There are 2 protein chains.
Amino acid sequence: MKILALSAGLMAAATTAFAQQDSLMFRKISDEVLLNGTCYDQLRVLCKTVGHRLAGSPGAEKAVKWGEKAMKESGADKVWLQPVNVPQWIRGKESLELKMGSSYKSVPTLSLGNSEGTGGRPLEAEIIMVNSFDEYKKLSDKAVKDKIVFFNYRFRQDFVNSFEGYGDAVAYRWNSPNVAAKRGAAGVIIRSMSTGIDDFPHTGSMHYEDSVTVKLPEMAIGNITADELEAACKKGKVLARMKSECHMNPKLVPSYNVIGEIKGSEQPERIITIGGHLDSWDVGEGAHDDGAGCVQAIEVIRTLKAIGYKPKYTIRAVLFMNEENGNKGGHAYADSAIAKKENHLVAFESDAGGFSPRGIGLEMSDAQKAHIRKYKDLFMPYNVYDFDHEEGGVDISPLKYKYKVPLAGLLPDSQRYFDYHHTANDVFEVVNHRELKLGAVTMAQFVYLVCEHGLE
Amino acid sequence: MKILALSAGLMAAATTAFAQQDSLMFRKISDEVLLNGTCYDQLRVLCKTVGHRLAGSPGAEKAVKWGEKAMKESGADKVWLQPVNVPQWIRGKESLELKMGSSYKSVPTLSLGNSEGTGGRPLEAEIIMVNSFDEYKKLSDKAVKDKIVFFNYRFRQDFVNSFEGYGDAVAYRWNSPNVAAKRGAAGVIIRSMSTGIDDFPHTGSMHYEDSVTVKLPEMAIGNITADELEAACKKGKVLARMKSECHMNPKLVPSYNVIGEIKGSEQPERIITIGGHLDSWDVGEGAHDDGAGCVQAIEVIRTLKAIGYKPKYTIRAVLFMNEENGNKGGHAYADSAIAKKENHLVAFESDAGGFSPRGIGLEMSDAQKAHIRKYKDLFMPYNVYDFDHEEGGVDISPLKYKYKVPLAGLLPDSQRYFDYHHTANDVFEVVNHRELKLGAVTMAQFVYLVCEHGLE
């Protein structure tokens, strides 16, 4: 019993010593980012000199150059571009006019990404409004035929985590043109996936099912216009005139993932990937989505270098291309890892906005989750407490389902994200410097933790 | 053993049933606020039709009328005004010019609250810069005499909780004119207590010690101007020309706390106070500080009524007057409670901004803290997890130190607060509707919890 007691005592002492060292390093990381961090300035440059950057656009090309430069400035040992062919969707001109009274009125609108427009010609039809797919199913075919269907589904504000609201609503954006085409509708208007109490329309990706032969145009309107349209539809007949030039280039075009790494000091063959996506939608500046994740990943590299930490494993920051409408960058990265038989320990993405971090999503085995959760207390002084959600990120998801790599995802406060998401209002000014930096702190601390204590 | 086991089983079942009922009520509160809450609209009205409202100003008078009306609209059983005499500080015109090169340049500035100005006459003197009180102490008396002392203390961005940074820096605002007067200085300029990376000067209260016979003027400058001035001072001689009319009315003037209550259904003599402060500084719109707390307290009343909850105890929402520069409202409320021998169970203040809630500060006995913490899990689905800080609020503090009432304080995310605090930029537009509402949810849930399960 005495020996056992002693062992326990020694173990406790050792644990405490470890914990103290970890705690000091966590603080060192935090101080470095909060006092000397460059991610906020990097984000300003990305937003203000590049701006929005849809895959395949001139903006994306500029963004790749920006990313390469920023990665080099971070002090990465090696920086390279990984080729990836991406879809090229082009918005062109667009307009939506609604006749809710005696005359047509132009309203703010955005065509949904990947959709085909009206070929630049006016498409005029009567609107039929439904509040849900259930309501839609109850309509007669005749009621739908040749109409523009207005899917007036409201983003549920009662979800405390706004991502749940998004998950609940997003099918209306993604799938409405398919269900409408099947019954001979002429076009689709949707209420934006938006928590905003404003009139910004939110774009985002949709898709056409292979079985659908007619590619209907789909346009989003903001909440204020949607309220107005809802009221008008309840009162009587409303006409809409859609006009849009958007189309998908039938060919993929060349682009790149931007990659920078710190070579591991002991086991360089083992790789920890951190990242965000470099592309954005073609409005606003892609500040929260996902300029934030990109500059945070770069900040992790800069910070580890600045504090003189030599990670045991290779740390690789990846700015993925084409998360928004194809995820070709995520696939290219995973495919390359598989082809080269790379040894990936874990991948950690930040793609939920540059807001105050609250937790780290863990998409990994129960044993790995349990292992990470043992270190929860280290994160508490940084207000990071939530390790109970299963969340990775879109870009890193192919690493998991193709290559079984465990994933982690930054979980920032979600309240404001869907006010800005995919809108012209997702600009540098709506990102707070301290919130953005704290996200980078969490990522760097996680990387340190895995380097020191592994994943299980 | 069998009986014991059975008892334990029954107890567990009872606990579970209680917890389920609590959990449902927590959800009901949250749904009501998130879906039907009026606090954001109320805040818009307060900010845009009243605006800033320093105690003793015409704005404060309008705010009292607004508060009375809003409280009545909330459905409170009874609404009244509690008289309170408040100080009246008047800013008047002010300007600060700095000669950092060949000529004077006007810079953004705000005199500190309660300070006496230059009587509207220019005060011109050389600047002597110090980075801290320690540096100041090392100066010779001669170096300080007749100079304008620039206290260039930086808000420490390395604190993760920005209120710690504020606590660390605030003495420079509060006390600098006293230490400077003692050595014959002519005036004081301070770097604002600000996390902002902008040029907004931050006002806030200062005081003159009784022992100090000369009341020096004190002006704050924003971080960008402070950086510029710091660089200029390092290079050579800098002159400043202060001009300000600010002064304190030697007499107190009449004003009010606004109070509304729901009468308790079982023990109406026991009172739970919730509140924020109605006054603000005389710039911006006092949106986060503390319009947010006021509309959240009113929202709690509205919500409990709307869901048909009949609280056992009396719930009293108080919009306190004069938190910013005297706390006369807080004292008047406590004094009245004592005079009437009221039975106060607990008081809960929201005065840390309308940001996403993270916790509830508990300034009460260990037994009471332990009791509240038993219900932590109920708050987790609302992302409220922090019950480890000892925090109440300035307005309710006299209830504690004069009358031993336990206190609680809303703990929102602190990252953005000191970007806006006491500036012209603390306006309605920088408050997010969902964050504001969630703060009200937390307050209402706490009130429900104490009504159902007491405080110990």
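# Reading a predicted two-chain model

Analyst: In chain B of this predicted model, Asp146(B) sits in the loop that runs between helix H5 (141–144) and strand E7 (148–151).

User: Why does Asp146(B) count as exposed?

Analyst: A residue is called exposed if 12 or fewer other C-beta atoms lie within 10 Å of its own, and Asp146(B) has 12 such neighbours, so it counts as exposed.

User: What makes the phi of Asp146(B) worth a remark?

Analyst: Most residues other than glycine have a negative phi. Asp146(B) is not a glycine, and yet its phi is positive, about 65 degrees. Lys341(B), which is not a glycine either, likewise has a positive phi, of about 50 degrees. Lys341(B) belongs to the loop between H10 and strand E15 (343–349) of chain B, and with 8 other C-beta atoms within 10 Å it is exposed.

User: How do you know whether Ala339(B) is buried or exposed?

Analyst: Ala339(B) is part of helix H10 (residues 328–339) of chain B. The count inside 10 Å is 8 C-beta neighbours, and therefore Ala339(B) is classed as exposed, given that the limit for this class is 12 or fewer.

User: Why is Glu285(B) called buried?

Analyst: The word buried is used when 20 or more other C-beta atoms lie within 10 Å, and Glu285(B) has 26 of them, so it is buried. Glu285(B) is placed in the loop between strand E13 (267–277) and H9 of chain B. Leaving out residues up to four places away in sequence, Glu285(B) touches several others, among them Cys47(B), His52(B), Asp426(B) and Phe428(B).

User: What makes helix H9 (residues 287–306) of chain A mostly covered?

Analyst: Of the 20 residues in this helix of chain A, 18 are buried, and in chain B helix H9 (residues 287–306) also has 18 of its 20 residues buried.

User: How do you know which form the peptide bond from Asp289(A) to Asp290(A) takes?

Analyst: The omega of that bond is near 0 degrees, and the bond is cis; Asp290(A) itself is found in helix H9 of chain A. In chain B, the bond from Asp289(B) to Asp290(B) is cis too, with omega near 0 degrees, and Asp290(B) lies in helix H9 of that chain. These bonds deserve a second look, because most peptide bonds are trans.

User: How do you know how the two chains are related?

Analyst: A rotation of 180 degrees, with 0.0 Å of shift along its axis, superposes chain A on chain B with an RMSD of 0.0 Å. The two copies are therefore related as by a two-fold rotation axis. In chain A, the C-alpha nearest this axis belongs to Tyr385(A), at 4.0 Å from it.

User: What makes up the domains of chain A?

Analyst: The domain assignment gives domain 1 (24–88 + 251–453) and domain 2 (89–248). Their centres, taken over C-alpha atoms, are separated by 33 Å, and the contact takes 18 residues from domain 1 and 22 residues from domain 2.

User: Which residues have the most contacts inside the largest nonpolar core?

Analyst: That core has 258 residues, and those with the most contacts inside it are Leu43(A), Val447(A) and Val447(B). Beyond its neighbours within four places in sequence, Val447(A) is in contact with residues including Ile272(A), Val300(A) and Ile315(A).

User: Where in chain A does pLDDT stay under 50?

Analyst: The mean pLDDT of chain A is 96, with 96% of its residues at 70 or more, and the model scores ipTM 0.95 and pTM 0.96. Over residues 1–14, however, pLDDT stays under 50, and the model has zero contacts there beyond four places in sequence. Where pLDDT is low, the predicted coordinates should not be read in detail.

Methods:
Residues numbered from 1 in each chain as written. Chains lettered and ligands numbered in written order. Predicted model: local features only at pLDDT ≥ 70, side-chain atom pairs only at ≥ 80, totals over all residues. Least-squares fit on C-alpha atoms with pLDDT ≥ 70 in both. Core = buried A, V, L, I, M, F, W, Y, C linked by C-beta atoms within 7 Å. Contact = placed C-beta atoms within 7 Å. pLDDT = per-residue confidence, 0-100. Domains from an automatic or database assignment. Helix = DSSP H or I, 4+ residues; strand = E, 2+ residues; numbered from the N terminus.
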